[in-house]
Structure formats: structure tokens, C-alpha cells
Amino acid sequence: MEAIDRLFLDIDNINRESMAEIQDAQLEEMAVNLWNWAVTKRAGLVITLDDKAKLRHVACRLMAMCEGSTASEEALRRHILMNMKTGKGWVDVGNPLLADEYFQVTMAALEQLYNNIMQNISAEAHLTAQKNSVEKDVFKVLSYQAESAIAQDDFQRASACVQRCKDMLMRFPKMVRYLQILCYNFGVETYLQSKFEECVFWLSQSYEVGKTNSNSLEPEMLAKALRLLATAYLDWDDREYYDKALDAINLANKECVNPAGLLLKTKIIVIGETVNEEILHAVMGMLHLDMSLDFYLNIVKLLMDHERDSIGFHFLDIVCERFKSSENIGIALLFYTDMLLQRKEELLAKGKIEEIITGHQTGIQLTLQALGYLHDILWERAARSFEVENFADALTWYYYSLRVYECDQREMNLAKLKRNIVSCYLHLKQVDKAKETLAEVEQHDPANLFTQFYAFKIAILDGNLDRALQTITTLDDLLASEDSEKNELHPDRDSSVMLLNLAAEFALENGQQPAAEKALGYLAKYTQDVQQALSALKKDPGNSVSSPEGLTGRTQEMDRLLSCLNTVLLKLTQIFHGTSLSSEAMINEAHWFRKIAWNLAVQCTRDFVKMREFFMLSYKISQFCPRDEVVLISQKTCLLVASSLDLQQGRRASTSLEQTILLNRALQQIHKCREIWNILKESGGNYANDSCETLLLLYEFEVKVKQHDPSLDRFLEPVWEQPDIDSKTLETIASLAMETPAYYPSIALKALKTALLLHKMEESFDVFKYCKCMHNLITLLVPDVIPRPDLCSLEEVFGYFEDALSIVNQNVGYPQMEILMLMIKAWNAGICMYSNGMFVSAGKWCGLGLRFLGRLGPPLKENYETQMNIVYSQIVGALEQNRGLFP
């Protein structure tokens with residue numbers, strides 16, 4: 001209770017000064033009322049032992065604040081009682097350290113009370129009574145302190161406390177039983193902790209204490225302690241302490257003859273080096289004790305378990321003879337049979353079974369208990385043979401059981417027995433015999449799941465698909481209508497629903513796919529086991545997901561497979577979110593299905609929407625796998641491809657809303673991918689050649705430029721500063737910066753200028769890469785005829801043309817069409833300037849065009865040379881005529 005917890009936590013922070021307004025009498029009354037409330041049972045209110053200990057603790061603390069709490073003898077006795085009981089309460093709830101504090105206070109108060117008594121009482125008789133009362137409380141506190149010491153694993157202190165109690169027993173003979181039981185309990189506790197040396201001490205003390213006043217203790221209690229003592233000696237070291245164990249059990253049996261004691265003595269003598277004759281003599285002596293049949297059979301089992309077979313069987317023969325007139329003789333004979341079977345004496349065991357069955361058929365009927373025992377033995381042997389696929393031998397044992405049923409059907413398991421026989425026949429390929437036996441079963445138990453299951457198997461073997469589908473439908477009806485508790489469970493199956501799984505497997509093995517599909521469909525309908533559902537999804541022959549390697553790209557199947565994998569994701573979510581620890585089998589399932597989703601994604605080369613869905617399913621399913629390097633790389637790739645596909649779809653979006661949705665989705669995936677990529681880089685792997693970093697940069701840049709993100713400049717700041725950025729990345733940035741709906745020419749210019757510089761700095765100069773970059777730069781700067789003055793000055797643009805001309809002059813392999821483009825751009829710019837009366841600039845740009853013309857090959861050069869020379873002459877003439885006009 002919260003109120004009690006608050007009181008307990010607050011009381012140690014409260015002192016008398018903080019409660020100065022409360023009189024001692026009031027405080028004492030509060031403490032007494034709280035104490036009484038704690039110990040009084042109240043209807044409808046349950047107070048735990050822990051709560052009671054806390055309330056007593058608070059009451060004691062309150063009482064201790066009263067100045068007169070120990071002033072009178074009555075107050076002192078109350079003080080002793082409260083502290084002693086509070087300490088015992090703390091021991092009982094497992095807080096021995098706090099208990100010790102109260103026991104120390106109690107002992108001090110008892111000493112004070114004892115001194116007061118000795119000073120104030122003169123009458124001898126009254127003095128003795130008062131002293132005894134105090135000493136009895138001391139005895140109790142010592143025993144409580146011993147309990148506390150045991151709880152703290154302090155054997156020395158516990159034994160010292162018990163010794164003081166023993167010294168006081170002469171004055172308190174009635175406490176013998178209490179102390180004897182206390183020592184016995186200590187013995188039990190230390191035995192359970194395998195502290196055998198301490199256990200032996202406490203049990204010896206228990207016996208010793210009990211013998212000080214045998215009249216106050218039942219002999220069985222002493223014998224009980226001695227039996228545990230003997231067991232402790234055996235568990236401690238059965239060789240070194242063999243004699244002590246034997247002495248202890250002999251003493252126990254002398255105190256009180258008990259079946260447990262006799263069995264323990266038998267165990268001790270059989271594990272020792274006692275010869276068979278002595279053991280036989282000992283167990284034969286037990287025949288005179290008039291014990292039950294079960295006791296003697298336990299003696300036989302003990303002998304057998306310790307490889308004393310000759311004595312065991314001899315003694316068992318004697319026991320069977322002795323109890324031959326008992327109604328339980330069948331139990332003894334069946335036990336005999338069981339022992340023979342355990343020792344692989346099958347011929348002898350079968351002889352005993354024939355004897356038992358014949359006797360049962362001729363009037364010596366077995367009890368219901370013995371009948372059950374007999375069928376258990378027979379069915380267990382049959383099951384063992386079935387497990388090792390010795391179906392003929394299994395039939396032999398089942399037919400023994402059938403012979404018993406034919407003359408005694410008090411246990412109505414005949415239909416189940418015959419179903420087991422049907423199963424054996426089916427495994428032996430004796431379908432006709434299986435049919436015949438199943439027909440008998442269907443007359444008596446047609447509404448049983450297993451009956452219908454075997455009918456299904458026979459229909460499959462007969463190739464009767466209609467009958468097989470009918471039995472599956474019947475199974476569905478039975479599962480829907482019958483209480484599962486009424487249906488027997490196969491010992492190797494978790495539930496009857498598993499029959500649908502087995503039916504599907506059998507149908508698949510025999511090539512009956514329609515029947516398998518129907519069974520798996522019902523399995524998914526009924527099973528609460530998610531692993532079964534996953535298995536059904538894997539096995540469904542209608543699915544193309546039979547194996548990761550064997551997938552085919554059948555387009556018409558993709559929608560159904562997508563739905564299938566979404567179901568898988570749902571089932572896996574149920575497993576992994578429902579438990580704190582998932583099994584290795586479930587993790588393997590997740591691995592299997594993530595690979596399936598991946599392979600399906602790879603096949604969707606003509607449907608990028610489905611490709612993205614499969615890749616995202618692979619990513620989501622992989623989240624249920626341990627995040628090793630393989631899985632992280634797979635997740636990274638799935639997210640990268642999905643982001644790429646979303647961006648691709650975004651470029652084709654018909655509306656701005658659709659594009660925004662696709663871009664936002666891509667951005668979320670990019671962020672997730674970056675987290676995974678960072679983990680991979682931190683793992684220390686070699687990812688120097690991995691393009692993930694660059695792709696993530698480009699993908700995120702594309703989203704930001706198309707959404708006109710105001711943080712774009714801040715995003716690019718570290719990009720410009722990257723020392724290892726490559727020209728291809730910069731050219732892609734430039735292209736994306738100008739791709740509709742983006743329009744960032746300044747970013748494109750900066751990227752292309754940097755890329756151009758990188759091209760020129762490369763050790764192995766690639767003229768084709770350079771000319772492509774230069775083409776993009778010139779197209780950006782001179783989109784039409786006149787260079788754009790808003791991006792850079794005319795002189796800077798002219799410089800780029802000259803730079804290109806320099807490269808053209810140095811590389812004969814510069815593409816002719818690119819030279820032509822540069823020539824035309826420069827010439828047209830000059831002509832435009834000429835038209836606007838800018839003759840000097842016109843001459844400069846047209847002269848540049850002529851220099852490019854000089855680098856063209858004959859075919860192209862001939863097409864332009866004459867006309868350009870004529871026009872250039874006109875420009876030069878105009879420049880001469882107006883020379884005085886220009887500085």
C-alpha cells in the first residue's frame with residue numbers, strides 16, 4: 001500500500017524536535033494504535049507481511065521518541081515485546097540486517113528488565129517467575145537471531161545462538177520441540193543450498209536436542225531428521241561418509257520404522273560394496289513388516305536401478321508369489337514385464353504379456369489401474385518402434401492391446417488404438433488393410449479429427465482428389481465447431497490444427513497440389529502459432545516463393561506475392577513484438593523471407609512500383625534479423641534503391657502533390673539509409689569503393705532543390721569543402737540544380753567550374769570528360785546567343801572559351817562536334833555584338849570563332865570557312881572605319 005510505504009520511508013527522517021507540539025502521551029497513543037491496526041485482521045483488507053513489518057517498524061520508532069517509553073516496568077515490557085516482534089517480522093520478510101537492530105535493542109531492554117527485577121523483588125517465588133519470564137524471552141530472541149544469522153550466511157553466529165539456547169533447555173524443557181524443529185529447518189535450508197557440512201551439523205543438533213526430552217517429541221520427527229542426515233552424508237560424499245550415512249539411517253529406523261527409511265537404507269547398502277547375499281538378506285527381512293505392494297515394488301526398482309538385477313528379479317518373484325491372491329497382482333506382473341522390457345528381454349516380456357492377457361480373458365481380470373498400466377506399456381513400446389520406423393513391430397504391440405480391448409472395453413480408447421494401427425498400415429504401404437481398419441473407426445468415431453486425417457491420407461494415396469477435398473472440408477467443420485479439449489492430441493504434435501499442416505505436406509509429397517493449397521489455407525485460418533503460418537506461406541505451391549533461388553518473374557503472380565509478403569511482415573511483427581526474446585527459428589524465417597522479397601524485387605525490371613515495394617518489404621523483414629554486416633548492407637541497398645525509384649517516379653509525377661509525396665518518402669528513406677551507412681563505416685569494414693555516400697548526397701540534394709528547401713546553401717557548405725569530391729558528382733549536382741522544377745544556375749555554375757578544374761588537374765587527362773563538362777558550362781553561361789551577365793562577366797566567359805581552345809590545340813582527339821559548338825557559340829555572340837554596334841567586342845568574339853574554325857576538319861571547315869571569312873572581313877572593315885570612335 002502506498003500510504004504504508006510513505007510512512008516507512010518518512011519515519012527515519014522524523015525526530016522528536018519536529019513533533020514538539022505533540023505530547024508524549026499522544027505520541028504513545030499513536031504508536032499503540034498503529035501497532036494494533038497492523039496486527040488486527042480486517043475484513044476486505046489484505047495486509048502483506050512486508051506491510052506489517054513496515055507498520056511495526058514505524059510504531060517502534062514513534063514509541064522510541066517518547067521519553068517515558070521505558071520508565072515503568074509495564075512500558076519496558078511493551079518496549080521489549082514490540083521490538084522483538086518487529087525484528088522477527090523483518091526476519092520473516094527477508095531483511096535480517098534491520099532485524100538485528102531490533103534484536104540488539106530487545107536484548108538491552110531485557111537486561112535492563114532483569115536488573116530491575118533483581119533490585120525490586122524480594123519474594124523468592126515471585127522472583128523466580130519473573131526471571132523465568134525474562135529468560136524465556138531471551139531464549140526466543142536468541143532463536144530469532146539464529147534465523148537472522150542463517151539468512152546472512154553466518155554459520156558461526158547462528159551456531160553460537162543455538163548453543164546458548166541449548167544451555168537454557170534444562171530450565172525450559174517445553175522449548176525442546178521448538179528448538180529441535182528450528183535446527184531441522186536450518187538443516188533443510190542448508191541442504192537445499194548444498195552446504196552439506198553445515199546441514200550435517202544442524203540435523204545432528206536437531207537429533208541431539210530432541211533426545212534431551214524424548215517425551216515431548218514424536219519418534220517420527222527424530223527419524224525424519226536422521227533420514228535427512230543420512231541423505232546429506234550421501235550427497236556430500238557417499239564414499240567418505242558411507243558409514244555415517246548407514247549409522248544415521250539405522251538409527252532412524254530404530255526410532256521409527258518407515259517405508260521412506262527402509263527405502264533409503266536399501267539405497268545405501270546397494271550403492272556400497274555390500275555383497276548380494278547380504279542385500280538379499282536385508283530386503284527379505286522387510287517381507288515381515290507387512291508393507292504395501294507398492295513399497296516392495298519400489299525396493300525392486302531400487303535394486304534394478306543400481307544394477308542388482310539378479311537380486312531384483314529373485315525378490316520380485318517372491319513378491320509376486322506373496323501377493324498372488326491380491327487384486328493388485330496384475331500391477332506386480334506388469335511391473336515385472338516393464339523391467340524385462342527395460343533390459344531388452346522382449347521375448348520374456350512377450351511371454352509375460354501373453355500370460356497376463358490369457359489370465360485376463362479367463363476370469364482373472366485386471367483392475368482399471370492395471371489395465372491402464374498394461375496399455376501404457378504396450379503403447380509405449382509400439383511408439384518406440386514407430387519412432388525408429390519399425391512399423392511391423394509397432395503393429396505387434398498394438399495388436400496385444402487390441403486383444404485386451406476385445407474382451408474388456410472399460411477404457412474406451414478402441415477408436416484411437418485402431419487409428420494407430422491404420423497409421424502403421426499406411427507406413428507399410430498396406431493401403432487395403434488401412435482402409436478396412438479405418439472403415440471400422442469411421443463407424444464408431446467419424447467426428448474425430450484424426451479419423452478424417454487418415455481418411456484424407458488414404459484418399460490421396462488412391463488419387464481420389466474429390467474425397468481428399470471433402471475430408472479437408474470436414475476437418476474445417478470439426479475445427480470450427482468442436483471444443484479442442486474434446487479432441488485427442490497426437491503425442492508429437494502441439495495441437496490438432498497441426499493436422500492441416502501434415503495433410504498439406506502429405507498432399508505435396510504425393511503431387512496433389514489442390515488438396516495441399518486447401519489444407520494450407522485452413523491452416524492459416526486456424527493456427528495461433530505464427531511459425532506455422534509462416535511455414536504455410538513458404539509451402540503454398542501456389543506461391544512462387546518456394547525457394548530464393550528458384551523464383552521466376554511471372555508478372556501475373558506479383559500482386560499475390562506482394563500480399564503474401566505483407567502477411568509475412570504482419571506475422572513476424574506479432575512474434576517479435578510479443579516476446580522479449582525471439583527464437584533462432586524465427587530469425588531464420590525472417591532471413592528466408594527477406595531474401596525472397598529481394599529476389600522478387602530484382603525480377604520486377606518492368607514495374608518499378610512493385611520493385612520498390614519488394615525492396616522495402618525486404619528491408620522491413622530484415623529488421624527482425626540480427627544486425628550483422630550482411631544484413632546492414634542489405635538494408636542499405638534496399639533503402640538506396642527504393643529512394644532512387646521514388647525519385648525516378650517523382651520526375652514523372654503528373655501533379656505537384658504526387659511529386660511532393662514521393663520526394664518526402666524518398667527523404668525519409670535517405671535518412672534511415674544514412675544511419676545504417678554510419679554504423680557500417682564505424683564497424684571498421686573496408687568501404688572505400690562503396691558509392692553509398694555519394695548517392696545519399698545526390699539523392700538528398702535532388703529532394704532539397706526540387707522542394708526549394710531554404711536550408712540548401714547550408715546543406716552544400718560541407719560539400720564544397722570536401723577534398724575528395726569527384727568531378728562526376730559535381731556535374732550531377734549541376735544537372736540536378738537545373739532540372740525542373742529546380743532552377744539554381746549559381747549552384748550549377750559553381751559545381752561545373754570546380755569540376756572543370758578537377759578535370760584539368762587529373763594526372764591522366766580525359767579529353768572527352770573535359771569536353772562534356774565544358775559543353776555543360778558553356779550551355780549554362782551562353783544559353784542563347786549572348787552570354788548571361790547575371791552569372792559572370794563577359795571577360796570570364798571569354799576566358800572559358802579560350803581555355804577550351806587551349807585544350808583543343810593540345811588534343812587532336814577533341815570531338816569535332818564540340819569544337820563546332822564552341823565555334824558557333826563564339827561566332828553568334830560576336831555577330832550579336834556587331835549588330836548592336838559593339839565592333840571591338842564583335843571582332844574579338846568572331847576572331848575567337850575563326851580560331852575554333854581553324855581546328856575543324858575539312859568537311860566541316862569547308863561548310864563555314866568562306867561565309868565566315870566574308871563576314872569577318874566586313875567586321876574588320878567596320879572596325880577600321882570607326883577606329884577614331886574607339887579609344
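Residues are numbered from 1 along each chain as its sequence is written, and side-chain values use heavy atoms, with hydrogens and water left out. Because the model is predicted, local features need pLDDT of at least 70 and side-chain atom pairs count only at pLDDT 80 or more, while totals for chains, interfaces and linings use all residues.

**Confidence**

**Salt bridges**

The structure holds 42 salt bridges. A salt bridge is a side-chain nitrogen of Lys or Arg within 4 Å of a carboxyl oxygen of Asp or Glu. Accessibility classes refer to relative accessible area: buried means under 20%, exposed over 50%, and partly exposed in between (1.4 Å probe, protein chains only).

| Pair | N to O distance | Relative accessibility |
|---|---|---|
| Glu440 and Lys418 | 2.7 Å | Glu440 30%, Lys418 15% |
| Asp646 and Arg665 | 2.7 Å | Asp646 1%, Arg665 29% |
| Arg851 and Glu802 | 3.9 Å | Arg851 42%, Glu802 34% |

In the salt bridge between Glu440 and Lys418, Glu440 belongs to helix 21 (residues 431-444) and Lys418 to helix 20 (residues 414-427), so the pair ties together parts that are 22 residues apart in sequence. Glu440 is partly exposed, whereas Lys418 is buried.

Asp646 and Arg665 also form a salt bridge. Asp646 is in helix 30 (residues 629-651) and Arg665 in helix 31 (residues 656-682), and the pair links distant parts of the chain, 19 residues apart. Asp646 counts as buried and Arg665 as partly exposed.

The side chains of Arg851 and Glu802 meet in a further salt bridge. Arg851 lies in helix 39 (residues 839-853) and Glu802 in helix 37 (residues 794-810), so this pair ties together parts that are 49 residues apart in sequence. Arg851 is partly exposed, and Glu802 is partly exposed. Elsewhere, shared partners join the salt bridges of Arg612, Glu613, Asp646 and Arg665 into one network.

**Cavity and pocket**

On a 1 Å grid over the protein atoms alone, a cavity is a set of points where a 1.4 Å probe fits but cannot get out, and a pocket is an open set with protein on both sides within 12 Å along at least five of seven lines; lining residues have an atom within 4 Å of a point. Grid points are joined across faces, edges and corners, and a volume is the space filled by probe spheres set on the points.

One cavity of 30 Å³ or more is counted. The largest cavity holds about 40 Å³ of space, and its lining includes Asp153, Asp154, Lys195 and Glu198. By class, that lining has two nonpolar, two polar and four charged residues. Here Ala, Val, Leu, Ile, Met, Phe, Trp, Tyr, Cys and Pro count as nonpolar, Asp, Glu, Lys and Arg as charged, and the others, Gly among them, as polar.

The second largest pocket holds about 350 Å³ of space. It is lined by 17 residues, of which Glu693, Thr694, Leu697, Gln722 and Asp724 are the closest to its centre. Helix 31, helix 32 (692-706) and helix 33 (712-721) each supply at least two residues of this lining, which divides into eight nonpolar, three polar and six charged residues.

Definitions and conventions:
Helix = DSSP H or I, 4+ residues; strand = E, 2+ residues; numbered from the N terminus.
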